[in-house]
Amino acid sequence: MLQLKNIDKFFADRQIFSALDWHIRPTDRIGLCGENGAGKTTLLKLLAGQVECDSGVVQVAKGTTFGYLPQDGLVHKGQTLFLEVRSALDELQQIELELKQLEKSIAERNEDPVLERYAELQQLFEQCGGYQMDAEIGRVLYGLGFTEGDFHKRCETFSGGWQMRIALAKLLLKKPNLLLLDEPTNHLDLPARDWLEDYLLAYPHAVVLVSHDRFFLDRVVSRIVEIWNGDLTEYPGNYSRYLVARKERVAALKAAKQQQDDEIARIEAFINRFRYQANKASQVQSRVKQLEKIERISLPPERKKIAFTFPAPPKGGKLAVELVGASQAYGDLKVLNQIDVQIEQGERLALVGPNGAGKSTLMRLLSGVEKPVSGERKEGHNLHQAYFAQDQAAELDPTRDVYSELSADAPYAMVPKLRNILGAFLFSGDDIEKPVKVLSGGERNRLALAKLLLRPANLLLLDEPTNHLDLQSKQVLLDSLKKYKGTIVFVSHDRYFVDELATRVLEVGQGRVTSYIGNYEDFLRAKQSVGDTSHSRNRVEQKVSRPEDDVVSLSKEERVKAHAARKEQQRKEQKRLKDVAVVEKKIEDLESRLASVEETMADPETYQNQDLWRQISREHGRLQDSLEETYREWEKLQD
């Protein structure tokens, strides 16, 4: 549906893409990955037609429609939320308007041409889902976290995060052939992310997205495209599979490069030794030409294995902090109502719930920043806490540079690790000398988090610490928190982060706090067991049907048939998994043979034998075609 051919793209004197070739198929689910500044957003804008390439061709299939969601900068105003989102379906609204006009005409004069036009439009309106239009708008808005009370609010009353949700709702309703999403989960809470995952899994067209949410990538995409050094490398499968495949590929490239370097060194040694001997001039010249023809293997940058360890937390009592009968209200708005919360030393508690449910309010009560309007907060023995608020960046000193700000309050033992810690939070090279006052909002947040984590504490209260962190930095933070011996209470909208870290989940909503043992996956399972399977604000109580419940009411003959159907389904699934394993083995074999052929092609002696070169080239093309076909077979089995 879309193809890039020989694309070059520059920003000033820096080349972002070089001779780029790539194609997107109609039902692709692609996740773009790469280091910060590699060109992920630029590629999305290039696909959306918002920036032009400096050379090359972008070929688009006839009838392709585009939908692009940027990271920020979108503002909606002038009408209510429902009408703004409804405006995305302008074609359906035009048909609806014409149908109403035709109904008036039919009432005045019952003429055949008018009736024919009305029947034609009515059929088209029905086929395009016009009669379900308002219901679909409501479904999308509810899924993204809006309530029915929001539908009639003016768009300008919504904050930046909700503005992005409005833009996302409009895009999803338009259903473009190619959906381009740049960090769509940035402003979504966990329930809205869960809903968006399911929506995109059922989306009938191509999706290309950038996300720093590992769980989201694992669930939604079936292909990862890594951007590095102006080129793209494709990996079949989700993000977890990409990490494994990339490691294997880099290892193979290193081995091939070592062989190539050895060969180049051998040729250069021959040239240097016999350069000035007349009787060797032709051989020297031949070696020089060999060197010129060698296509040098370049390696992706080695990802730094950065890690840091929290200072040992001071010893505390069994109880870290407790709220007893606590309530909090702002004017007439009652957020929390007589809640009891006990947090013991060593626990890792995740606060979950939709935006506006009261998670940040609960964090402020636990930290003592706010006092409850009723009830009390009790501290455990020898409590030393560190609290990271969503606006923590406001506490930074704008007159210092990055390194000075971090080192200002750092314990002596942590000073040697400060550069590593800054690197983990995306500050490297000259970045550490930047004045705090010139940092972007995201950079200031990352610095505030790095600074907070240096302080010895036995209770960490972290309100959305993963915001503005890329996948690698989130992993560094996660690894460090998992080794931390103190107590952690945190809010995060990153599902993978919550699943890996939490040992208990506190659900906040409707003024109450409910405790669930385990991580987010365990929390969802517990919710399903009592019938509450909806994670948006318009929750509906319903009983979860289990296979054994259904079997009880069946006759003997029906139970036999149901058992046979389950067995057949299990047999099909086992066959599918077996087929997947066979195809994956075939992919590995083809990739291995292709690497071997490419190694032969890189051998200078291959160029000297034209018959051999043509034979190897044909084999290379055949292997590439087979590999592409096997990838398609693998993707079909996954679907």
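I began with Glu98, which forms a salt bridge with Arg117; their closest N and O atoms are 3.0 Å apart. Glu98 sits in helix 3 (residues 90-108) and Arg117 in helix 4 (residues 112-127), so the pair ties together parts that are 19 residues apart in sequence. I noted that this is a predicted model.

Glu98 is partly exposed, at a relative accessible area of 27%. Arg117 is partly exposed as well, at 32%.

I then searched the whole structure for salt bridges. The search gave 38.

I looked up Arg266. Its side chain meets that of Glu263 in a salt bridge, 2.4 Å from N to O. Where do Arg266 and Glu263 lie? Both are in helix 9 (residues 239-274), three residues apart, which is about one turn of the helix. I read a relative accessible area of 44% for Arg266, so I logged Arg266 as partly exposed.

**A pair between two helices**

I turned to Glu619 and Arg593. Their side chains meet in a salt bridge at 3.9 Å, N to O. This pair links distant parts of the chain: Glu619 belongs to helix 21 (residues 610-638) and Arg593 to helix 19 (residues 556-602), 26 residues apart. Glu619 has 27% relative accessibility and so counts as partly exposed. Arg593 is partly exposed too, with 41%.

**Helix 5 against helix 7**

I describe two packed helices by the angle between their axes and the distance between the axes. For helix 5 (residues 133-143) and helix 7 (residues 190-201), I read an angle of about 135° and axes 9 Å apart. Angles over 145 degrees would count as roughly antiparallel, and 65 to 115 as roughly perpendicular. Helix 5 and helix 7 are therefore oblique to each other.

Which residues meet across this pair of helices? From helix 5 I listed Glu136, Arg139, Val140 and Gly143. From helix 7 I listed Ala192, Trp195 and Tyr199.

**Helix 11**

I asked how many of the nine residues in helix 11 (residues 359-367) are buried. Eight are, and I noted the helix as mostly covered. The buried residues are Lys359, Ser360, Thr361, Leu362, Met363, Leu365, Leu366 and Ser367. I looked just past the end of helix 11 and found Gly368 with a positive phi of about 85°.

**A nonpolar surface patch**

I went on to the surface. Val58, Val60 and Phe66 form a nonpolar patch there, and together they have about 210 Å² of accessible area. Phe66 is in strand 5 (residues 66-69). I logged Phe66 as partly exposed, because its relative accessible area is 34%, and patch members need over 30%.

**Whole chain**

The protein chain has 21 helices and 18 strands. Of its 639 residues, 45% are buried. I noted an accessible surface of about 33300 Å² for the chain, with 48% of that belonging to carbon and sulfur atoms. Among contacts with a separation of 6 or more, 67% are between residues 24 or more positions apart.

Notes
Residues numbered from 1 in each chain as written. Predicted model: local features only at pLDDT ≥ 70, side-chain atom pairs only at ≥ 80, totals over all residues. Heavy atoms only, no water. Patch = residues over 30% accessible without salt bridge, like charges linked within 9 Å, V, L, I, M, F, W, Y side chains within 5 Å. Areas by Shrake-Rupley, 256 points an atom, 1.4 Å probe, with all protein chains shown as cover. Salt bridge = Lys/Arg side-chain N within 4 Å of Asp/Glu carboxyl O. Helix = DSSP H or I, 4+ residues; strand = E, 2+ residues; numbered from the N terminus. Buried < 20%, exposed > 50% of the residue type's maximum accessible area, 1.4 Å probe, protein only. Axes fitted to C-alpha atoms, helices over the stretch in contact; angles between N-to-C directions. Parallel < 35°, antiparallel > 145°, perpendicular 65-115°, else oblique. Contact = heavy atoms within 4.5 Å.
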